[in-house]
Amino acid sequence: GDTLLMREDNDAYGNTRFVKLTPQTRWTEKQTLGETRYQRLKGMLQLRGMAYALVQAERTDAPNVEALRATLRARYQAFVQQFGVINDGQNSSLLNADPKIEFALEKNVRQAVSASRAKKMGIDVRQSTADMADILLRRVYRPYQAPTSASTAADGYAISLSERGVLDLSYIAGLTGTSVEAVIAELSAGEKPYIFMDPETQEWTRAEDYLSGNVKRKLKKAQAAEQAANIKALQAVLPKDIPANEIYVEMGAPWVPASVYDDFLKMLGASRPPRVAISSSGALMMPNVLDLPFVPNEINAQWKNEDYSIGEMFLTLANKKPLVAYDVFQEDGSTRRVINPERTKILQPIGKSILKTFNDWAMADTERAEYLAQTYNEKINTTIDPQFNGNLLRVVDDAAVGANPALQLRPNQKRGAWRII
């Protein structure tokens, strides 16, 4: 209607409040809204409503689409003739807290240059100008229609993913009017196949899924199954090996072989094989830790304390636990432990020294460093993120489905859209 309402702060009970706008409404501390600003505001809000109605008509393929466009265009031109372009400061400032579709009715906006600014910059005075947006001139949206056919298996593949979110070979066969076998033959052929047979699941899998994740494990499976196409594709996406000098070896890391921890404890003076083991959860275990003797040497002598043996400290720190000293009391047949702050404080620099010693020792020997790097690259550096192919976006009227045909999506925008799909 002709009534304009403006939302105000909620009342004391949290209820929404609106005030009716008139030319006499207080707009600033010193000014009322005034007739001209009232008419500007009223005109822009009318354009807003008409623009939304046109978009809805286009999306539903209403029969009066072009009539609504002509009416909106005429109303817009009348507004511009009377008040200037919508994005001119005198107009836009009235709705700067609530900008909506009315501002998108213009493109290529060129802001006004005042006389004072023109003089200062040595340029000509000009009024704000803008070109009409596409929706005022031609159709922008079309109602969505589910596809019923595809000219190729590749097109059917894109439709399957867009419509169903999964690779559905039977659905693709129905779209193309061919057999599932023919679809598989087309999609699995060429230098960059769309699908691969996964030897682990014995199912056809999208290339984006198959050529991502733990690709090194997948490569071993493909080699065992003698799948030449899979092997070639997986080898092309393998992550580059990380050199030893870029790898940080943390004591307790489950990817470090148990033999390396055994060698470290021997270096610290263990007089018998430590027999370190790594559980399925990644925790380090050492069954003989309590009775594993250590021969005193220059390294372990600095860590001597009354609470932990060398083996106990190694196992505690390797499992990411702090070194804590306790006083033990026997009371009424039960044992009670109480943290001793002074001795615990003494243990802290010892723990840091052991951790640093392990890290320095691990990479000090070239042969061991290369062995650790090889192990890290085999066990940890194995994963690739999915690479999304934005070219699979379905195109209707030279635009991706759901996009304004006047806009040309960049490759990264297509990839982002396809990732969402």
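Reader: Why is arginine 206 called buried?

Author: In this predicted model, arginine 206 has a relative accessible area of 18%, and because buried means under 20%, arginine 206 is placed in that class.

Reader: What makes the pairing of aspartate 209 and arginine 206 a salt bridge?

Author: The side chains of aspartate 209 and arginine 206 meet at 3.1 Å, N to O, and since a salt bridge asks for a side-chain nitrogen of Lys or Arg within 4 Å of a carboxyl oxygen of Asp or Glu, the pair qualifies. Aspartate 209, for its part, counts as partly exposed at 35% relative accessibility, because that value falls between the 20% limit for buried and the 50% limit for exposed. By this rule the count comes to 21 salt bridges.

Reader: How do you know that arginine 343 and aspartate 327 form a salt bridge, and where in the chain do the two residues lie?

Author: The side chains of arginine 343 and aspartate 327 meet at 2.9 Å, N to O, which is within the 4 Å cut-off, so the pair is called a salt bridge. The pair links distant parts of the chain, with arginine 343 in helix H13 and aspartate 327 in strand E10 (residues 326-331), 16 residues apart. Arginine 343 counts as buried because its relative accessibility is 15%, whereas aspartate 327, with a relative accessible area of 25%, is partly exposed.

Reader: What else does the side chain of aspartate 327 contact?

Author: The side chain of asparagine 340 makes a polar contact with the side chain of aspartate 327 at 2.9 Å, and the label applies because the cut-off for such a pair of N or O atoms is 3.5 Å. Asparagine 340 lies in the loop between strand E11 (334-339) and helix H13 (341-362), and it is called buried because its relative accessible area is 11%. Leaving aside neighbours within four places in sequence, asparagine 340 is in contact with Ala325, Tyr326 and Asp327.

Reader: Why are aspartate 360 and lysine 356 separated by about one helical turn?

Author: Aspartate 360 and lysine 356 are four residues apart in helix H13, so about one helical turn separates them. Aspartate 360 forms a salt bridge with lysine 356, their closest N and O atoms being 2.7 Å apart. Lysine 356 is called exposed because its relative accessible area is 53% and the class begins over 50%, whereas aspartate 360, at 40%, is partly exposed. Elsewhere, salt bridges that share partners join Arg48, Asp98, Lys100 and Glu102 into one network.

Reader: Which residues have the most contacts inside the largest nonpolar core?

Author: They are Met251, Tyr261 and Phe314, in a core of 40 residues. Helix H11 (258-267), helix H12 (310-318), H13 and helix H14 (366-379) each supply at least two residues of this core. Leaving aside neighbours within four places in sequence, phenylalanine 314 is in contact with several residues, among them Met251, Tyr261 and Phe264. A second, separate core of 28 residues includes Ala51, Leu72, Phe79 and Leu136.

Conventions: Residues numbered from 1 in each chain as written. Predicted model: local features only at pLDDT ≥ 70, side-chain atom pairs only at ≥ 80, totals over all residues. Heavy atoms only, no water. Buried < 20%, exposed > 50% of the residue type's maximum accessible area, 1.4 Å probe, protein only. Polar contact = N/O pair within 3.5 Å; in protein donor to acceptor, adjacent residues only side chain to side chain. Contact = heavy atoms within 4.5 Å. Core = buried A, V, L, I, M, F, W, Y, C linked by side-chain atoms within 4.5 Å.
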